[in-house]
Amino acid sequence: MSRTALRICPLCEATCGLTLTIDDGRVTGARGDRDDVFSKGFICPKGAAFGAVDSDPDRLRTPLVRVDGELREATWEEAFDAVAAGIRPVVERHGPHAVGVVLGNPNVHTMAGALYPPLLIAGLGTRSLFTASTLDQMPKHVSSGLLFGDANLIPVPDLDRTDHLLLIGANPLESNGSLCTAPDFPGRLRALKARGGTLTVVDPRRTRTARLADRHLAVRPGTDALLLAAMAHTLFDEDLVDLGGCAPYVDGLNELGAALRDFTPEAVSGACDVDAETVRALARELAAAPTAAVYGRIGSCTVPHGTLASWLVDVLNVLTGNLDRPGGALFPQAATDRTPRPAGPGRGFALGRWHSRVRRHPEAKGELPMSALAEEIDTPTDEGEPVRALVAVAANPVLSAPDGDRLDKALGSLDFMVSVDPYLNETSRHADVVLPPPPPAQSPHHDFAFNTLAVRNQVRYTRPAVPLEPGRMAETEILARLVLAATGMHGADPAAVDDLVVGRTLAKAAGDPQSPVHGRDPKELAALLGGGSGPERRLDMMLRLGPYGDGFGAEPGGLTLEKLLAHPHGIDLGPLRPRLPQPLKTRSGKVELLPAPIAADLPRLRAALAERPGGLVLVGRRHLRSNNSWMHNVPALTGGSNRCTLHVHPDDAGRLGVRDGQQVRVRGAGGEVTAPAEVTDAVRPGVVSLPHGWGHDRPGTRTRHAATDPGVNVNQLLDGSLLDPLSGNAVLNGVPVEVAPVAEAVTETSGALT
């Protein structure tokens, strides 16, 4: 019998509402939910393929435990027994930091991934935390922490009201947005143009987004910070600085102007390959627009000056009076945010509270660089124990991090590894225990992280569209049991994990004079919570204590889980609103325009003014029908334009003797790969492009469709030595490579390419 059910799509950051068609317990179709308060019926190819993703036959259905060197199916009890027996001896013998935790991108797309990993990390007491953030977005967290005092306080462009949008290294027509949650990002950009607004795109590739732009600047890769610094310099030089309504909340304006004195348009022109007058025009247009927003993403983060570029994005928003105003860049207010506190000085944001053992990389936001994971496993030093055991949750760093070959070997040397993953992939194949979560249709969904980045305040929650299959375990229970097994409480009731969080949170709230439940009995409050599970009770608690909540009765009519369930298409909470100075947590209580770590890194950027790298440089790219490595196992999302080819400009192809479709060898500091060339003027001369997430040719995996067209791992061209020093983010773009036709390389017996 056919029926329909609602589900928020977890396949990218847009979080679109879906209407699923379900036949005999299986998702057979997906369309956009026209009544969804946020996405209003929009759907992309990934969402349309939800059923195929959900029913992928290669998804693991039962746990795997390594016995005599082979992974074999096991019961859940056997699997968690093995986890406890594998992790606890490492902690007891070598200390908590000898257990590493690796969190992949999909964690942020699930309720379980938001609620339980923090408890795992805290329970282990480990500082050996590595996440996908240091492969794409950590520069933005660090710059926000330094500017605003909170690494998670990230302003987003007010897409629906702005008159002028400047995109740096972003391609939302294919990514659907990143650190800016916006269903139908393409439609919103077209609406911007339809109402007479201006779209400018800075990108070395002529992406689909760039083709939509009024102005496209094919900047030299890695020079975004120089371009933005020169724009800020122009605003000072031409007396165009106007802080607008945020003027009372800004500190360091004069010091900033002095610090940017050397970054004139003429000084940056040669390095950026953008003429000085164009730089001035960009700054003038930004200042003259009635409202404007600057938005930078992965292309501007995964470069040597990623934190400086991210900082300058918001500096430009501040200098033009567009920070915290409608039509500019504003701070969203999610329904599960903490109760807003009165404005005032906070604790600020600190970097380098501890360091990695081998190369002494400073932590950022509690994390060490993913690029350092292999060396933290395989390199002994006098500075503490190497990582001997690893917990990987929804992570495939063998493909996503630099030098996967070295990491592949390092994972094989671990004393113990557990992986929470639906697939046996290039990373999880090394695990001693694999714990497979159920398909997304069998899980509840609320976007804790992405609602803090949404272009409109709203709240939505969907319960599982399909009941758990026999033998499956809910992802929330898997992670709760993992917390217990890894922290010495194996065998305890997994519900105790949620009960502990509820008790501690309500006790803290009851003791907080700023809380709506100050002075009340935490046990009484806990008894009022609704929901059919521990995760739902926690969601209800967060909603009630949040900025729109009922305060456990203190605010009649406020938000509760019961009210949210009564609105299955979500509740609209209104457009983004100015919030300064309330959310600022800097020590001054103001936006600190020139934090000391930023000022200390500016000489490195100043030195880049003289750099003129020769030869070819590599950049990545994203496909609309792909979201990292695991989507390549879904036939509906592969083929067509979603191919692993090397984009080469016709001028470079002619110089190198490369023909379209010909196999070429690409060599970088970390190794070499061979891929078919795709000759296209979509990349500027001097730039080649390979997509990420490919390289499905390692033995021992169970992703059959991906293996039929494995592609190559672009990150194998990197040796992991290039990092943005402030954030520890890997430098993935603008790195030098050599390219040659395979036939030429094969016949050469003594040259550099053999």
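**Note on the helix 6 and helix 15 crossing and the overall fold**

1. Helix 6 and helix 15 cross with right-handed geometry. The model under review is predicted, and the remarks below should be read accordingly.

2. Helix 6 spans residues 138–148 and helix 15 spans residues 306–319; their axes approach to within 8 Å, with a crossing angle of roughly 55°. Helix 6 is therefore oblique to helix 15, given that angles of 65 to 115 degrees would count as roughly perpendicular and those under 35 degrees as roughly parallel.

3. On the helix 6 side, the residues in contact are Pro139, Lys140, Val142, Ser143, Leu147 and Phe148. Their counterparts in helix 15 are Gly306, Thr307, Ser310, Trp311, Val313 and Asp314. Classified by residue type, this contact comprises 6 nonpolar, 4 polar and 2 charged residues.

4. Turning to the whole chain, the secondary structure consists of 27 helices and 26 strands. Of the contacts with a separation of 6 or more, 73% are between residues 24 or more positions apart.

5. As to burial, 62% of the 754 residues in the protein chain are buried.

Terms used:
Residues numbered from 1 in each chain as written. Predicted model: local features only at pLDDT ≥ 70, side-chain atom pairs only at ≥ 80, totals over all residues. Heavy atoms only, no water. Axes fitted to C-alpha atoms, helices over the stretch in contact; angles between N-to-C directions. Helix = DSSP H or I, 4+ residues; strand = E, 2+ residues; numbered from the N terminus. Parallel < 35°, antiparallel > 145°, perpendicular 65-115°, else oblique. Left-handed = near helix turned anticlockwise from the far one by under 90°. Contact = heavy atoms within 4.5 Å. Nonpolar A, V, L, I, M, F, W, Y, C, P; charged D, E, K, R; others polar. Buried < 20%, exposed > 50% of the residue type's maximum accessible area, 1.4 Å probe, protein only.
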